[in-house]
Amino acid sequence: MIRYPWLSAIAVILLVTAIATAVNLKAGRLQYDEGEVHVYVLGAERMRSGAEIYRPDDIKPFTYPPGMALMFMPLTLLPHDAVRPLWYGANALLLVWAIALVRRLVRQQDAAIPGDRRAQWAFWLLTVVLSVRHVAAVFSNQSNDLPGFVLVLLGMTGMASRRDFAGGLAIGLAAASKATPILFLPFLLLLRRFRASAGTMVGTLLGSLAPDVLFPRTDHRYWVESWFSTFVAGINPADGGNTAAVGNAWKAWNILNQNLASMFYRLFTEVEPIADHTFDISLWHMDRGALGLLTLTAQLVVATVLIYAAWRARHLDAPRQALGIGSLLVCGMVLLSPMSSKSHFCVLVAPIALCVHDFVFRRRDRLVLVCLMVLFVGALTSKGVFGRRRGNQLLAHGAVTWCALAALVGTTRVLVRSAARPALGGSTGS
């Protein structure tokens, strides 16, 4: 019997990743400048040399807070051919870590109740089926989403164990590299989790200012100031989250952007077809003022749902509050962000696990079932199932956005029902 199965799994993942990457490199199918990895490494290389990293005119600009460039600094010390294998291996390890953290959070929901093995298998099978499309996008796009997701999960597990400051610190470090996890801060304050709030602020400050200490700019500005003024200030939700100053970063019509604003822009803006990456799917062309009002209203509805569900869950015990409200907020992160690429939605693993756990082990709630069905249909809308053309059409209509909305509704239902009548029976998934 293998004494440490997780170590064995990690070793196998690393070996398979190394072999597959080496074969593809030799065959010339994996170029350094394909995908997204080289964008992060280039940003780190420029920061290390003292050059500007925020350049909207780049073909693929580096658009993340400075903490992200610092995170990729070790890769700048490697030959370019070694970057991709290390990235794949590191992300495989991060995925294993994320699964272990989700497992820990789920097991804490009903820790005193023994588990049913068949129910546990059902839980994990459903969770994997509903999540695999979103996790696979991280690897197909070679994105940087798993490090931030692991930090968010570490924050959730810390707060589930009443280590609020440490949990908040992890959330803050995630915010310093991805920005959107800062959404946790006002909700931690709302719930009077002041130690977690303090940890979040400290982590955000440390992660944001560390680049200025280690690699100061020649113009004596803060890196985070340059990022904000270049890519955040002046974003117009009525224009798909785009501004003239953003340049090549966030195009108004972009099927990869699956946030609320971009989905509404595609649905209510008539465009001229450009190759296969821009095509008209508009229901009708809406006036920019009306579109802006519609987008803002939808965002306010999402924000109201977040506040309502979090407030109703304020009296839940620490483990249920951590997973429930954390799952709620990651849905808000991807829906409200000015740019949410489909790989960003790997964070839906947490709300999916919460909803599946509640349905399998607690209550057969019909609304949660409907949400899980929407997530299942969304998992089937990939190009691997429908082909490139039809898959792009479905993505343009917001296939991934609807998955996040379903996860948000399901999570809200679970939280509100748990707060109103905590389940006395059930079991834990493991």
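## The largest cavity

Met-156, Met-159, Phe-184, Phe-187, Leu-188, Leu-191, Arg-193, Gln-321, Ala-322, Ile-325, Gly-326 and Leu-329 line the largest cavity. The model is a predicted one, in which local features need pLDDT of at least 70 and side-chain atom pairs count only at pLDDT 80 or more, while totals for chains, interfaces and linings use all residues. Residues are numbered from 1 along each chain as its sequence is written, and side-chain values use heavy atoms, with hydrogens and water left out.

A cavity here is a set of points, on a 1 Å grid over the protein atoms alone, where a 1.4 Å probe fits but cannot get out; lining residues have an atom within 4 Å of a point. The volume of the largest cavity is about 110 Å³. Helices H6, H8 (184–190) and H13 each give two or more residues to this lining, and H13 gives the most, five residues. Helices are DSSP runs (H or I, at least four residues) numbered from the N terminus. By class, the lining has nine nonpolar, two polar and one charged residues.

## Packing of H13 against H18

Helix H13 (residues 318–336) packs with helix H18 (residues 399–420) at an angle of about 155 degrees, and their axes lie 9 Å apart. H13 is therefore roughly antiparallel to H18, a term for angles over 145 degrees. The crossing of H13 with H18 is left-handed.

Contact means heavy atoms within 4.5 Å. On the H13 side, the contact residues include Arg-320, Gly-324 and Ile-325; on the H18 side, they include Thr-411, Thr-412 and Leu-415. The contact comprises 10 nonpolar, five polar and one charged residues.

## The second largest cavity

H13 and H18 each supply at least two of the lining residues, with the largest share, three residues, coming from H18. This lining divides into four nonpolar, three polar and two charged residues.

## The second largest pocket

A pocket is an open set of points with protein on both sides within 12 Å along at least five of seven lines. The second largest pocket holds about 280 Å³ of space. Among its 14 lining residues, Leu-95, Ile-99, Val-128, Ser-131 and Val-349 are the closest to its centre. Helices H4 (80–107), H5 (117–141) and H6 (145–160) each give two or more residues to the lining, and H5 provides the largest share, six residues. The lining has 12 nonpolar, two polar and no charged residues.

How values were computed:
Axes fitted to C-alpha atoms, helices over the stretch in contact; angles between N-to-C directions. Parallel < 35°, antiparallel > 145°, perpendicular 65-115°, else oblique. Left-handed = near helix turned anticlockwise from the far one by under 90°. Nonpolar A, V, L, I, M, F, W, Y, C, P; charged D, E, K, R; others polar. Points joined across faces, edges and corners; volume = space filled by probe spheres on them.
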